[in-house]
Amino acid sequence: MEDEEEEARSLLAGDGALAPPATLPAICDPSRLAHRLVVLLLMCFLGFGSYFCYDNPAALQTQVKQDMQVNTTKFMLLYAWYSWPNVVLCFFGGFLIDRVFGIRWGTIIFSCFVCIGQVIFALGGIVNAFWLMEFGRFVFGIGGESLAVAQNTYAVSWFKGKELNLVFGLQLSMARIGSTVNMNLMGWLYSKIEALMGSTGHTTLGVTLMIGGITCILSLICALALAYLDQRAERILHKEQGKTGEVIKLTDVKDFSLPLWLIFLICVCYYVAVFPFIGLGKVFFIEKFGFSSQAASAINSVVYVISAPMSPIFGLLVDKTGKNIIWVLCAVAATLASHMLLAFTLWNPWIAMSLLGVSYSLLACALWPMVAFVVPEHQLGTAYGFMQSIQNLGLAIISIIAGMILDTRGYLFLEVFFIACVSLSLLSVVLLYLVNRAQGGNLNYSAKQREEIKLSHTE
Amino acid sequence: MKGGGERCWWGRRGPSPELLLNLLLCLAPLGLLGEETRQVSLEVVPHSLGPPVNLLHVRAAGTNSTLHYVWSSLGPPAVLLVATNTPHSTLMVNWSTLLSPEPQGGLLVLPKDSVQFASALVFTRLFEFDSTNITTSEPLGKPYSPYSLAEFSWNNISDSLDPATLSATFRGHPTKDPSRTFANGSLTFRVQAFSRSGRPAQPPRLLHTADTSQLQVALAGASRGNRSLFRLEVVMLGQSPSCPSMQEQHSIDDEYAPAVFQLDQLLWDPHSSGFMQWRPVAFSQQQGNRESAMPCHASALEPTLPYLVPQSPIVRAFFGTQNNFCAFNLTFGAPTGPGYWDQQYLSWSMLLGVGTPPVDALSPLILGIMAVALVAPGLMLLGGGMFLLLGRKQHLEYQSIN
């Protein structure tokens, strides 16, 4: 998603340019593929914990609401509190990594935030204090998104000029796997703990979440191992610490063009109709479609399941064809259709959710790269930071509103609300297409046209 | 809940020709019913000869039909529902017969040949289970001995009569209560009639018409355990030896009862003459918000024999020896989730009426939002496309001049 990371300097350029002593076996030799694979594995698991725990509330929606005696509005605050710090941190995550902590310490510190946040979240359950759970999610949020930035920076630092796109794809897939495993595991884990403790209640919930927190510890261990290996590689290969290379200048905002603002609008209106829906989806599938708790978890995670393998494929497709706006239009229209199916029919929701999964993956691949076409390179960091910040702001606000709507007006109205959001997104896409056409912009060029323009520039 | 099986009024399939035919058939003999508004009067039938007896007569007169609801706590709480095809039909009460051991003929609706439909519901027993003590044979927990509602004493209904809301409340507790479980508790039946269609503010917000009345059953402050589950036994008088059918309707619309996508109804006969309708949800708090919603499970209807259930004098007074009784149970809550134990409270509501049961439609707000949401992007594309086309044409013309 964050292409700007690719812009960071390659720090491991050229295998064997500075050949290490030949005595090291391949797996310990930072310049060899075998060693990089070990690093890749660590990088993938680095984000696993935070993605696993991000959707803990969705996986345990009924349990959280029952054990903590909260309504849906309050329940959704758990998501809102995750998003609030990131409204600001999106701008500073890169800065903190580059200038303050360095990538190694930055990663460790963000992992610690994730761990501590999850532990506080779980403690809130054990001592039956919902405000503590909210605070836990806030701390978790501070670490969560910045950790993703750190993860990408590591990827660039180790794989730039080699298997970088594959690595990005794998990291994203791993994140989705984390979310999926969470959705399908936590309910089961809760029932096991319940059997063990003999009853439901906030303690059971807290213990379940604490056990879920083990994944965060695992991620922290990965962060420590990566820091060690990265330092070791620096010593052996004389390489520098990785940098995000992000330069954020808030004054750039005044230079943002209309198409960029439209892209922001598409982004925020789209994502608020996906993530809060998944956060509230489980009970919807149980109540409306009569699914068992297990089946509801499974279908609620299908967006992530589809996104894991489809992201790289759609990435390739969009790269090869261009025409980004058309792809975005297709994705948003498909999402609209999917929400309409969920709202107004009793058809098997696997159809709608699969459609949502496919369109979500397609949108991610077509929308995020568009920013690079409408912003000069030196403003790219600011633009992406801004986009994520607005997205988080939207998610925080809409999560709360969604909870309120559900409590007072039910799921049909909530779905209609989401449809209105997607429709606004669709409106923005259409507007973007028209503006782009009118201004003769490059957003909707096919890959071939882009190639020709590139050539004409170099000539 | 098998009975009539599933029926959907949206999405899966449209109304079948058979259904339309049924509708026509059922509307034909009862075409007189289905009034927009009715003149509703509530009256406690006076018993001049002795102590007051709770006999509430709700008369809902339309332009060419009348509905009579007779609620009474004589014996177990019960209601008679009689529909006539004249606006002038009246209820006659012969107190001495009604209170005698053989009450047949104690209640009459005159003129007799105007009666189009008549039936009755009797609320016979309240069961209580200890849900901390669940076994495979007792999925709700160990049962306590049931309360027979015939052995309850009730308040004087005259005191709770509210002509403004067209409602009255029966409040009762067991006559014999040695363990004093009902010391501060009560079981209430709040009955309400309607002069026109509408929807109450209180969940589950069932849509009512002038052809329906509502009953809210509430239990408060009484239980024998820490985690008690309750079950209410309802006996109804069928029109034929076979029992009425129970229908579960799945809907896409939960706007008025968040997260409840089902509507249960019981039709006395397929050609819908009288019906009971409720949402399978009960509430453990008075406000009836979503956190306090608990499932309400209805069992299938089974034929039952008169001597197995407590008899209601008013039912026997009107129907005589007719005894096609069917019984079913409503179970409120489940061993997990919100329950009576939260606030020692539970309430559940149903509609009772004649004609075709009310059907929810999508609210104007939803339709409005959908219309704007779907039309706006299309219009934008159309308008913008035209603008671009025209712009290009002018551009081309400009170039050709050059």
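Helices (H or I, at least four residues) and strands (E, at least two) are DSSP runs that are numbered from the N terminus. By that reading, chain B has 4 helices and 23 strands.

This is a predicted model, in which local features need pLDDT of at least 70 and side-chain atom pairs count only at pLDDT 80 or more, while totals for chains, interfaces and linings use all residues. Residues are numbered from 1 along each chain as its sequence is written, chains are lettered from A and ligands numbered from 1 in the order in which they are written, and side-chain values use heavy atoms, with hydrogens and water left out.

**Chain B as a whole**

A residue is called buried when its relative accessible area is under 20%, exposed when that area is over 50%, and partly exposed in between (1.4 Å probe, protein chains only). Of the 402 residues of chain B, 53% count as buried. Accessible areas come from the Shrake-Rupley method with a 1.4 Å probe, and for residues only the protein chains shown count as cover; chain B exposes about 17,900 Å², of which carbon and sulfur atoms supply 58%. A contact means heavy atoms within 4.5 Å, and among the contacts in chain B with a separation of 6 or more, 66% are between residues 24 or more positions apart.

The UniProt annotation "transmembrane region", taken from an unreviewed entry, covers residues 365–390 of chain B. UniProt positions are given in the numbering used here, feature names are shortened, and annotations may be inferred rather than shown by experiment. Over residues 365–390 of chain B the model is 100% helix and 0% strand, with the end C-alpha atoms 37 Å apart.

**Two domains in chain A**

Domain bounds come from an automatic or database domain assignment, which for chain A gives domain 1 (28–245) and domain 2 (250–454). The C-alpha centres of domain 1 and domain 2 of chain A lie 23 Å apart, and 27 residues of domain 1 of chain A are in contact with 36 residues of domain 2 of chain A.

**Salt bridges**

Side chains of opposite charge can pair when their charged atoms come close. The table gives some of them.

| Pair | N to O distance |
|---|---|
| Arg104(A) and Asp230(A) | 2.8 Å |
| Arg316(B) and Glu102(B) | 3.7 Å |
| Arg279(B) and Asp360(B) | 2.8 Å |

In the pair Arg279(B) and Asp360(B), which links distant parts of the chain, the residues are 81 residues apart, and both Arg279(B) and Asp360(B) are buried. In chain A, Arg104(A) counts as buried at 7% relative accessibility, and Asp230(A) is buried as well, with a relative accessible area of 0%. Arg104(A), Asp230(A) and Glu234(A) are linked in a network of salt bridges.

**A buried serine and a surface patch**

Ser425(A) lies in helix H17 (residues 380–439) of chain A and counts as buried at 0% relative accessibility. Not counting residues up to four places away in sequence, Ser425(A) touches Ile266(A), Cys269(A), Tyr270(A) and Val332(A).

Val88(A), by contrast, is partly exposed, with a relative accessible area of 47%, and is found in helix H5 (residues 72–126) of chain A.

Conventions. A salt bridge is a side-chain nitrogen of Lys or Arg within 4 Å of a carboxyl oxygen of Asp or Glu.
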